[in-house]
Amino acid sequence: MIINQFLVLAALLFSIGIYGVLVRRNAVLVLLSIELMLTAVNINLVAFGSYIQDTLRSGQVFALFVITVAAAEVGIGLAIVVLVFRNRASANVDELDLMRW
Amino acid sequence: MNMNLLAVAPEVIVVVAVVALLMIDVQWRPGPVWWAIAAAMGIAGATAAVALQWVDYRGADAASFFSDMIAIDGFGAFAGMVIFPLAGLGLMAAWPLIRSQGGRGAEFVVLVLIAATGAHLMAAAANLIMLFVGLEVFSISLYVLAGFTRERVDADEAALKYFLLGAVASAIFLYGIALVYASTGTTSIGGIATYLRSTILLRPGVLMAGMAMLLVGLAFKVSAAPFHMWAPDVYQGAPGGVTGFLAAGAKVAGFAAMARVLAVALGGRIDDWAPAVAVLAAVSIVLGTLLALVQSDLKRMLAYSSVAHAGFILTALVAGANGIPDMWFYVATYAVQVLAAFTVASVVSGATQGRAPLSDYTGLASRSPWLAGMLGLLMLAMAGIPLTAGFVGKAAVFRSAIDADYLWLVIVGVVSAVAGLFFYLRVIVLMYMQAADEESGHIPVPGGARVVLVAVGVLTVLIGVVPWPLLTWLRDALPL
């Protein structure tokens, strides 16, 4: 089994996610970029798990855990974004500048 | 599958208390007294369970259960004996904040208890899957706690910053786990350690990349420079009553996970990661100290000082598994000190307030001599003055680093510790040698905060004067 294509896809997705986190100004889009990074990890885990023929299936199991935790995380994340939006009428991360240095 | 209910007893007890509290609160709205009773029972039960684990399984008797997912060893048990009482102290210190939130106060208690459970899971994990789940349970609870006073904009800002940066760090940490899994074929911490000791990797690039990403993720959680950017903003913006538990818990849980991952799982590769940890430590110590010098807000100053303290704790970890007892000594004593220091900040500047400008503390000694004395003692302990636990902690971590041949790191640490005296003493000078504003009067200290301050003050001095019992004891606080 050749796993290069999966790893390249995962690395690309992860990089796109980091790029999105760094350049996006809207908190919701930053959140989406983080989800991309987690998806990249899932692809990696499943690909590696299949490649090394792990009898415990740790890779697949871990991917399931990541999916679950990511759902919980995005739930909390969106709640915090809504909270910030209510208080400021904006979800622009550049405007979060009450505290610096 | 070898099951041992004692392995999960602390978590089960706390979760039972949490579920009971949530259901009773929904049904009968019983009020703060019952929240306190539920929390006290959960924490007392969990502490008893980890104490039992300590008695039965420390040292050579350590073992892992539930398909190699959770370990009972001196390491996890000691972490629990720090974390659960810390959660109790954190709740006591935060009680005015909890009461001010009306019916939502029960949620606060629940979140602190769940965070403590996650923190203990991180410390007791025998598998990276378990460690990750614990890390997320812990972190997600703290994201919510940071923004608990919903209407205040700086608390929201703190929560969002903490969440976004924390989630990115978790993703990087996960990618690191995936790469380590790829090169070792297992996610079991013991399995990784055995594999790395018995196998010579021909092309260790994947493992190296994985190690680097794990280190970045964990360095973020313990706020080691250059991954500390979130800490000052979060500590300053979060409500006064939250910050203490947030800062103390993150250090205990983060360093427990770090020791498990680096010193145990990747212990065979210490020559690869120790230099990186040493650099992280040096940068944290220097940057934390320098930036703390110029702050005008007590909570922000303590945040930068916590970055420096993260560096001091990392100094013990360059010695690998040999440094773990010294790391624990420093982590445990620092955690209670930072909790108490933020408690003073929440009493003086307000439990729901984020900011604690240093001008609030001018002439505090004449207004509230007792509070000023406690804060003064804590500042001396954090600075590492002899006869306080802070001094013994610094001596211990430096000894570890010297044993591991990192003399340069010790020199950096000692010089920075001396420079750090300046900002700690500045607070004391402000409190004792300057006159108070005329309109400010005596500050009443709530009962919970009083208990926290007395307990921490006694512990800090007691451990500072007779540190040997704890130091000897900690020789058993080693991972499986």
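I shall start with helix H19 of chain B, which covers residues 447-465 and gives the most to a nonpolar patch, namely five residues. Please bear in mind that this is a predicted model. Val458(B) is found in helix H19 of chain B, and Val458(B) also belongs to the patch on the surface.

Let us now turn to another helix. Helix H3 of chain B runs over residues 74-93, 20 residues in total. From the first C-alpha to the last, H3(B) reaches 28 Å, close to the 28 Å expected at 1.5 Å a residue. Is H3(B) mostly covered or mostly uncovered? H3(B) is mostly covered, with 18 of its 20 residues buried.

I shall finish with chain B as a whole. Chain B contains 20 helices and two strands. Its C-alpha trace spans about 70 × 60 × 40 Å along the principal axes. What radius of gyration would a compact globule with 480 residues have? The value would be near 23 Å, and chain B has 21 Å, so the two agree.

Of the 480 residues in chain B, 67% are buried. Among contacts with a separation of 6 or more in chain B, 82% join residues 24 or more positions apart. Finally, chain B exposes about 15,600 Å², and carbon and sulfur atoms supply 70% of that area.

Technical notes. Residues numbered from 1 in each chain as written. Chains lettered and ligands numbered in written order. Predicted model: local features only at pLDDT ≥ 70, side-chain atom pairs only at ≥ 80, totals over all residues. Heavy atoms only, no water. Patch = residues over 30% accessible without salt bridge, like charges linked within 9 Å, V, L, I, M, F, W, Y side chains within 5 Å. Areas by Shrake-Rupley, 256 points an atom, 1.4 Å probe, with all protein chains shown as cover. Salt bridge = Lys/Arg side-chain N within 4 Å of Asp/Glu carboxyl O. Helix = DSSP H or I, 4+ residues; strand = E, 2+ residues; numbered from the N terminus. Expected span 1.5 Å × (residues − 1). Buried < 20%, exposed > 50% of the residue type's maximum accessible area, 1.4 Å probe, protein only. Rg over C-alpha atoms; globule rule 2.2 N^0.38 Å. Contact = heavy atoms within 4.5 Å.
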